[in-house]
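Please open the structure in your viewer and keep a selection tool at hand.

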Amino acid sequence: MRYKLFLVLVLFLPFFGSAQNVNIGDILCTDGTTVKPSDYASSGKTADGIVFYVDRNNTQGLVVSLSCQSSNIDWVTQEHYYDMYDIPELENYVFSREAMYDFDGYQNTLIIRNAHGADWYPAAWSVDFDHGWFLPSTGQLRWLMAYINEINASLEIVHGTTFVYDHPRWYWTSTERGEAHAVVVSQTGSVCYYPKLNYLYEYQIGVRAIKTCQFTTSPSHHIGDVVTAPDGQKSVVYYISPDDGSYWLVAMNDLPNDYEWGPSTDVTELTNYNDNDQYMALHGVHCGYDATLDLSESIGASPQYASTHVDLANGWHIPSAGQLSKLFASLPFIENILSSNGGSTLLEERYWSSTECSSDKAWTVNFGINFNQAGIFEPEPKNNLHPIRPIWSQSCSAIPPAPDPTPEPGIMVYPNPTKGKFEILLNGIEGNTTIEIFNYLGQLIDRFEVQSLIDGYVLPYSLTGKAAGIYLISITNGHDRYYQKLTKNYAGDYGTYY
């Protein structure tokens with residue numbers, strides 16, 4: 001498969017210089033300059049579009065139009081749909097996840113319009129192509145949908161048409177699947193193919209044009225940068241905040257096993273997102289660190305639960321629904337970088353987020369397990385097994401405070417993280433006590449008994465020679481059972497064990 005990543009064939013490129021960085025959510029004005037949303041009201045300028053993408057070269061970006069070009073339109077008219085014409089020059093993408101690599105909507109739109117006129121291809125002809133606007137490709141539109149809340153905030157400031165859950169919920173891309181189908185993207189993130197003739201009226205597939213612009217900017221990081229996380233682990237930047245003040249890192253590998261989200265009980269500290277009109281809101285749920293911390297504290301440590309196995313002590317956590325959606329959108333820019341730096345691409349599976357749906361379900365993002373619904377949010381029973389790709393988010397992560405030196409009855413381990421040797425401290429526990437140690441796969445690696453004392457018991461222990469990763473220390477004393485998670489420092493990348 002030959003992938004197209006933003007080929008520069010644009011004939012109309014407004015240029016705007018700026019002394020400040022250009023970020024997602026900034027407002028492109030009709031005079032070719034950009035202003036920050038907070039400065040727009042006092043600028044006296046007229047908005048032309050909203051920036052939603054900035055490239056790695058700091059010279060080019062994409063803006064979305066202020067209004068819909070159409071809320072219900074066909075890709076191919078009924079008159080010509082049954083001709084089953086496959087545009088020869090337009091590459092076909094059979095699978096939705098592969099279509100994410102199509103990032104050249106301008107060239108696609110040019111090819112479509114050169115093939116036939118508006119009587120054939122109304123969607124491609126509904127845009128103001130002569131002034132640089134075009135039908136977005138799949139990769140461009142899915143990226144836009146991941147940032148829909150940020151874009152909506154700027155659209156409200158300039159009195160543009162915001163994206164809402166009501167129709168149109170789906171938008172055409174300029175990506176072709178074959179003679180009968182093109183790719184559509186929903187506002188809730190689903191990437192799938194659909195007949196080029198919009199024969200189901202209730203879908204009301206619309207068009208939202210985008211445009212390419214040039215500028216000068218110098219952000220602190222770029223999507224796809226390989227950096228070292230604060231705990232020394234190699235990772236990849238996949239998100240930069242609109243104010244350029246923070247960034248998110250994705251681990252080089254998944255956790256080594258699939259895990260349950262948790263028990264079928266409501267985590268009272270977490271917000272439940274379970275109404276249809278909240279699907280779009282999921283794109284904006286961003287602080288996975290806090291959610292993972294709340295989840296871990298609520299359900300406790302247990303080998304089968306996902307939150308037990310992330311290195312929360314060093315800021316790594318289960319991504320929230322919005323963080324996971326942005327991770328999916330960034331795949332075209334990070335997959336090759338992950339694999340070329342010793343990591344692994346994300347599987348075509350449903351990945352857990354840390355966002356709760358209800359007492360018995362939590363949210364996942366479909367990374368392509370169903371080839372026609374890639375990228376969509378899906379609620380899953382909490383006892384299902386799914387993979388986890390840890391992330392680190394500068395805006396949310398914080399090292400938890402040191403444990404209380406006089407804790408409640410239970411177990412402590414010190415130092416944590418450890419390079420191998422540590423001490424198990426039992427406090428307020430008396431009599432015959434069973435200690436069990438589980439590895440990151442949930443496998444029992446050691447089990448023994450001690451006679452603990454009510455005023456405290458200290459047991460030296462060593463994981464020297466064992467694989468780096470997350471371990472679980474379990475103690476049982478009569479009917480009481482306690483858990484403590486322990487991190488053995490990694491010798492290499494997160495998820496690579498030595």
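The stops below concern salt bridges and then a sheet.

This is a predicted model, in which local features need pLDDT of at least 70 and side-chain atom pairs count only at pLDDT 80 or more, while totals for chains, interfaces and linings use all residues. Residues are numbered from 1 along each chain as its sequence is written, and side-chain values use heavy atoms, with hydrogens and water left out.

**Salt bridges**

Across the whole structure, a search finds twelve salt bridges (a side-chain nitrogen of Lys or Arg within 4 Å of a carboxyl oxygen of Asp or Glu).

Select Asp48 and Lys211 to begin; their side chains form a salt bridge with an N to O distance of 2.7 Å. Because Asp48 lies in strand E4 (residues 47-54) and Lys211 in strand E10 (residues 210-215), the pair ties together parts that are 163 residues apart in sequence. Helices (H or I, at least four residues) and strands (E, at least two) are DSSP runs, numbered from the N terminus. Asp48 is partly exposed at 22% relative accessibility, whereas Lys211 is buried at 4%. Here buried means under 20% relative accessible area, exposed over 50%, and partly exposed in between, with a 1.4 Å probe and protein chains only.

Next, select Lys326 and Glu150, whose closest N and O atoms are 3.3 Å apart in a salt bridge. Lys326 belongs to helix H9 (residues 321-329) and Glu150 to helix H7 (residues 148-157), so this pair ties together parts 176 residues apart in sequence. Lys326 is buried at 0% relative accessibility, and Glu150 is buried at 14%.

Then move to Arg350 and Glu380, a salt bridge with the closest N and O atoms 3.7 Å apart. The pair links distant parts of the chain, with Arg350 in strand E15 (residues 350-356) and Glu380 in strand E17 (residues 377-381), 30 residues apart. Arg350 is partly exposed at 21%; Glu380 is buried at 12%.

**An open sheet**

Now select strands E7, E8 and E9, which form an open antiparallel sheet in the order E7-E8-E9. Strands E7 (170-176) and E9 (191-195) stand at the edges with a single partner strand each, so one side of each is left without a neighbour in the sheet. On average, neighbouring strands of this sheet are turned by 45° against each other, direction ignored (axes are lines fitted to C-alpha atoms).

Finally, select E8 (residues 181-186) with E9: the two pair in the antiparallel sense over five bridges, where pairing requires that DSSP finds at least two bridges between two strands. Val183 stands opposite Tyr193 in E9.

Key: Axes fitted to C-alpha atoms, helices over the stretch in contact; angles between N-to-C directions.
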